Amino acid sequence: MTARIIDGKAIAAQLRGKVAGEVARLKQAHDLTPGIAVVLVGTNPASEVYVRTKSKAVAEAGMRAIDRKLPETTTEADLLTEVARLNADPAVHGILVQLPLPKQIDSQKVIATIDPAKDVDGFHPVNVGKLASGLPALVPCTPLGCVVLAKTVHPSLAGMDAVVIGRSNIVGKPVAQLLLAENATVTVTHSKTRDLPTVARRADLLVAAIGKPEMVRGDWIKPGATVIDVGINRMPGEGGKWRIVGDVAFGEAQKVAGALTPVPGGVGPMTIACLLLNIVRAVCMQHGLPGPKI
Ligand code: NAD
């Protein structure tokens, strides 16, 4: 068997097109231009790249990105004041504080200060609780992207055995909640799980969010299963360059799985597309408008 490759790039491009259409509709019908504040503290090179990519995608979708660059020495109190200012600004519909933050700042405190209605990352405890309670919420972008990709293969996930490897607050736990909301039978595994390959082999849908290069081998995968690889691992490549690999041994998985996301070009592009979707959802929720039908 050769797995069907789930083209995250193409699916993300399609979603971004739909979001841009929704943005145009909001402008035309409601005179609303979605705006997002992207807050970067310090000069972490990876964070700078992420922020630039997000701001560019926001602009391309016809929305307004308000960049707030703060120095590395910013105090927690100053950042909380900035977040409070953005909470109060009606032109700002979403607030994204790029993580990680410098060590003098407690990230959880900052996340908890963002207005939950503007929490387009879906990390605020109110949104986490709403997701767990099955209430409408802004949900984390990467997990949402995983579910959108899985649903391109299985329009209904109801009754499927889903195994999630990883239990982080950013990926593993929210992806498990979203799959539960889709009526999958969900098993969450982690570094203390016994005999992980056997548990993984039960999955009709396997989501790997571990951060360990190519840890999931071909013989961990049930023949015909759908595999969503969230991992982004930098490995030394040829000529002193870096190459990116996922948490799944792609070549082995391709021979066993029914469908599989590549790295890069799978979940990664979906994260940004789902962020854009979240901004539009936030605008609609804040203005009592029906959310986008996507
Ligand atoms: P994390 O380090 O916060 O969590 C990793 C999880 O994997 C933990 O819950 C841990 O229990 C589990 N784990 C670690 N070793 C294990 C083992 N040997 N066996 C079983 N489970 C084990 O990482 P994260 O933030 O959840 O990210 C996971 C991966 O996804 C990373 O590679 C990260 O770069 C990537 N990621 C990608 C995107 C994207 O946009 N595609 C977004 C976020 C994270």
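How far is an oxygen atom of the ligand from an N or O atom in the side chain of Ser-168? The distance is 2.5 Å.

1. Basis. This is a predicted model, in which local features need pLDDT of at least 70 and side-chain atom pairs count only at pLDDT 80 or more, while totals for chains, interfaces and linings use all residues. Residues are numbered from 1 along each chain as its sequence is written, and side-chain values use heavy atoms, with hydrogens and water left out.

2. Ligand shell. The ligand is surrounded by 21 residues, a residue being near if one of its heavy atoms lies within 4 Å. Arg-167, Ser-168, His-190, Ile-232 and Thr-271 are the closest. By class the shell holds 9 nonpolar, 10 polar and 2 charged residues. Helix α10 (residues 267-286) gives the most, with 3 residues.

3. Backbone atoms at the ligand. A backbone N or O atom of Arg-167 is 2.8 Å from a ligand oxygen atom. For Val-230, a backbone N or O atom lies 3.4 Å from an oxygen atom of the ligand. The ligand taken alone exposes 860 Å², of which the protein buries 72% (Shrake-Rupley method, 1.4 Å probe).

4. Helix α7. Within α7 (residues 172-181), the residues Gly-172, Pro-174, Val-175, Ala-176, Leu-178 and Leu-179 are buried (under 20% relative accessible area, 1.4 Å probe, protein chains only). Their cover includes α5 (125-133), α6 (141-153), β5 (161-165), β6 (185-189) and β7 (205-208). After α7 comes Asn-183, with a positive phi near 70°.

5. Domains. The chain is divided into domain 1 (30-116) and domain 2 (141-269), by an automatic or database assignment. Their C-alpha centres lie 29 Å apart.

Definitions and conventions: Polar contact = N/O pair within 3.5 Å; in protein donor to acceptor, adjacent residues only side chain to side chain. Helix = DSSP H or I, 4+ residues; strand = E, 2+ residues; numbered from the N terminus. Nonpolar A, V, L, I, M, F, W, Y, C, P; charged D, E, K, R; others polar. Buried < 20%, exposed > 50% of the residue type's maximum accessible area, 1.4 Å probe, protein only. Contact = heavy atoms within 4.5 Å.
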